[in-house]
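This report covers a sheet, the helix packed on it and the nonpolar cores. The structure comes first.

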Amino acid sequence: MAEILLFHHLRGLTDGVRALADSLGAAGHTVHVPDLFDGERPASLEDGSALIKRIGGDVLDQRADRIAADLRPDLVYAGVSWGAAIAQRLAQTRPGARAALLYEACLPVTGEWAIGPWPDGVAVQVHGMEQDPFFGLEGDVDAARELVSIVGPERGELFVYPGDRHLFTDRSLPSYDADATAQVVSRSRDLLARLG
């Protein structure tokens with residue numbers, strides 16, 4: 001069974017993020033869901049961005065790094081939107097990662113905004129909506145296409161869903177899409193099962 005570290009989005013550790021973690025863990029996997037915002041639940045993405053500025057991006061990265069350091073190294077890193085960027089950074093930079101599950105966001109692996117190369121042997125799945133203004137229309141889907149082409153078809157997968165919602169995997173928000181989320185969870189479990 002896999003051990004997963006799942007990071008929340010800009011609205012904080014919502015009940016919907018917890019539900020996503022429960023769905024991933026239902027197959028027997030262990031899922032850690034830290035609260036990087038210390039209980040704060042921003043009312044909007046804009047409020048979440050303001051909170052990040054107030055706390056400081058470096059401080060939040062340090063929080064995530066400390067949490068990961070307290071767990072075994074062979075983790076599956078997962079995240080939703082803003083949390084996907086944290087998960088991707090850790091998967092790319094922390095030795096021992098098994099895979100990354102990137103929901104509704106993906107950073108480039110080449111060019112100006114890249115963290116660095118994708119590590120050999122680390123699987124990845126990226127999920128997002130085709131008309132999501134933050135994923136499908138802002139370049140993340142292009143970054144995801146490049147990433148999965150580098151990783152190769154055996155270990156890299158991109159799934160693009162019809163629709164224009166952001167945070168569609170969070171059942172506690174109006175943007176939730178139950179059918180798409182069910183596919184996300186099923187495909188994520190398939191990847192986790194293949195890891196052995």
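## Sheet

Six strands form an open sheet in the order β2-β1-β3-β4-β5-β6, with parallel pairing. Strands pair if DSSP finds at least two bridges between them. Helices (H or I, at least four residues) and strands (E, at least two) are DSSP runs, numbered from the N terminus. The edges are β2 (30-32) and β6 (156-161), each pairing on one side only. On average, neighbouring strands are turned by 15° against each other, direction ignored.

β1 and β3 (residues 76-80) run parallel, joined by 4 bridges. L6 stands opposite A78 in β3.

## Model basis

The model is predicted: local features need pLDDT of at least 70, side-chain atom pairs count only at pLDDT 80 or more, and totals for chains, interfaces and linings use all residues. Residues are numbered from 1 along each chain as its sequence is written, and side-chain values use heavy atoms, leaving out hydrogens and water.

## Helix on the sheet

α4 lies across β1, β3 and β4, at about 160° to β3. Axes are lines fitted to C-alpha atoms, for helices over the stretch in contact; angles run from 0 to 180 degrees between N-to-C directions. Contact means heavy atoms within 4.5 Å.

## Cores

A nonpolar core is a set of buried Ala, Val, Leu, Ile, Met, Phe, Trp, Tyr and Cys residues joined through side-chain atoms within 4.5 Å. Buried means under 20% relative accessible area (1.4 Å probe, protein chains only). The largest core has 35 residues; Y77 and L102 touch the most other members. α4 supplies its largest share, 6 residues.

Beyond four places in sequence, Y77 touches residues including L5, A68, L90 and R94. A second, separate core of 27 residues includes V76, A78, V80 and A180.

Technical notes:
Buried < 20%, exposed > 50% of the residue type's maximum accessible area, 1.4 Å probe, protein only.
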